[in-house]
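Subject: Structure handover and notes

Dear colleague,

I am passing on the structure we spoke about, and my notes on it follow below. Please read them with the coordinates open beside you.

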Amino acid sequence: MLGEFEYLVISAAVGRGENAYGAAIREEIERTAKRSCSIGALYTTIDRLESKGLIETWMGEATAERGGRAKRMVRVTGKGVREASAF
């Protein structure tokens, strides 16, 4: 069973598609849910969702716009889609 914030993270990741990473997911949540989202709460939730097998993460390429830092990319698994659909 998903909590409300977990559902928001999964929904935002699906909404961003191939461009789903921490900062983009945070922006999507703030835009669609009209609520603030701390980066700490977001990454704690991402870790929890990954341990439940609802999302997968990997490190993307480093980008100049992020000062050479890589993005932690997020993909929702089939199990994650089913859990979110049941919310």
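The accessible surface of the protein comes to about 5100 Å², and 51% of that surface belongs to carbon and sulfur atoms; accessible areas here come from the Shrake-Rupley method with a 1.4 Å probe, and for residues only the protein chains shown count as cover. Before going further, please note that this is a predicted model, in which local features need pLDDT of at least 70 and side-chain atom pairs count only at pLDDT 80 or more, while totals for chains, interfaces and linings use all residues. Residues are numbered from 1 along each chain as its sequence is written, and side-chain values use heavy atoms, with hydrogens and water left out.

Overall form

The protein has 4 helices and 2 strands, and along the sequence these follow the pattern α-α-α-β-β-α; helices (H or I, at least four residues) and strands (E, at least two) are DSSP runs, numbered from the N terminus. The radius of gyration is 12 Å, which agrees with the value near 12 Å that a compact globule of 87 residues would have; this radius is taken over C-alpha atoms, and the globule rule is 2.2 Å times the number of residues to the power 0.38. Along its principal axes the C-alpha trace spans about 40 × 25 × 20 Å. Of the 87 residues, 34% count as buried, where buried means under 20% relative accessible area, exposed over 50%, and partly exposed in between (1.4 Å probe, protein chains only). Among contacts (heavy atoms within 4.5 Å) between residues at least 6 apart in sequence, 48% join residues at least 24 apart.

As for charge, there are 14 positive and 12 negative side chains, and the centres of the two sets lie 2 Å apart. In that count Lys and Arg are positive and Asp and Glu negative, with His and the chain ends not counted, and the place of a charge is taken as NZ of Lys, CZ of Arg, CG of Asp or CD of Glu.

Glu56 is placed in strand S1 (residues 55-62) and counts as partly exposed, because its relative accessibility is 38%. Although Glu56 and Val76 are 20 residues apart in sequence, their C-alpha atoms are 6.3 Å apart in space. Beyond four places in sequence, Glu56 is in contact with Glu50, Met73, Val74, Arg75 and Thr77.

Thr77 itself lies in the loop between strand S2 (70-76) and helix H4 (78-85), and it is buried, with a relative accessible area of 14%. The side chain of Thr77 reaches the backbone oxygen of Gly53 at 2.8 Å, and residues up to four places away in sequence aside, Thr77 touches Gly53, Leu54, Ile55 and Glu56.

In strand S2 we find Lys71, which at 12% relative accessibility counts as buried. Its contacts, leaving aside neighbours within four places in sequence, include Asn19, Tyr21, Trp58, Met59 and Gly60.

The helices

In helix H3, Asp47 is partly exposed at 40% relative accessibility, and its side chain is joined to that of Arg72 by a polar contact of 2.8 Å. A polar contact is a pair of N or O atoms within 3.5 Å; within protein, one must be able to donate a hydrogen and the other to accept it, and residues adjacent in sequence count only if both atoms are side-chain atoms. Tyr43 is also found in helix H3 and is partly exposed, with a relative accessible area of 25%; neighbours within four places in sequence aside, Tyr43 is in contact with Gly22, Ala23 and Arg72.

Tyr7 has its place in helix H1 (residues 4-16) and is partly exposed at 29% relative accessibility. With neighbours within four places in sequence set aside, Tyr7 is in contact with Leu2, Ala84 and Phe87, and from C-alpha to C-alpha it is 9.8 Å from Leu49, a residue 42 places away in sequence.

A backbone point to check

Lys34 sits in the loop between helix H2 (22-33) and helix H3 (39-51) and is exposed, with a relative accessible area of 69%. Phi of Lys34 is near 55°, a positive value in a residue other than glycine.
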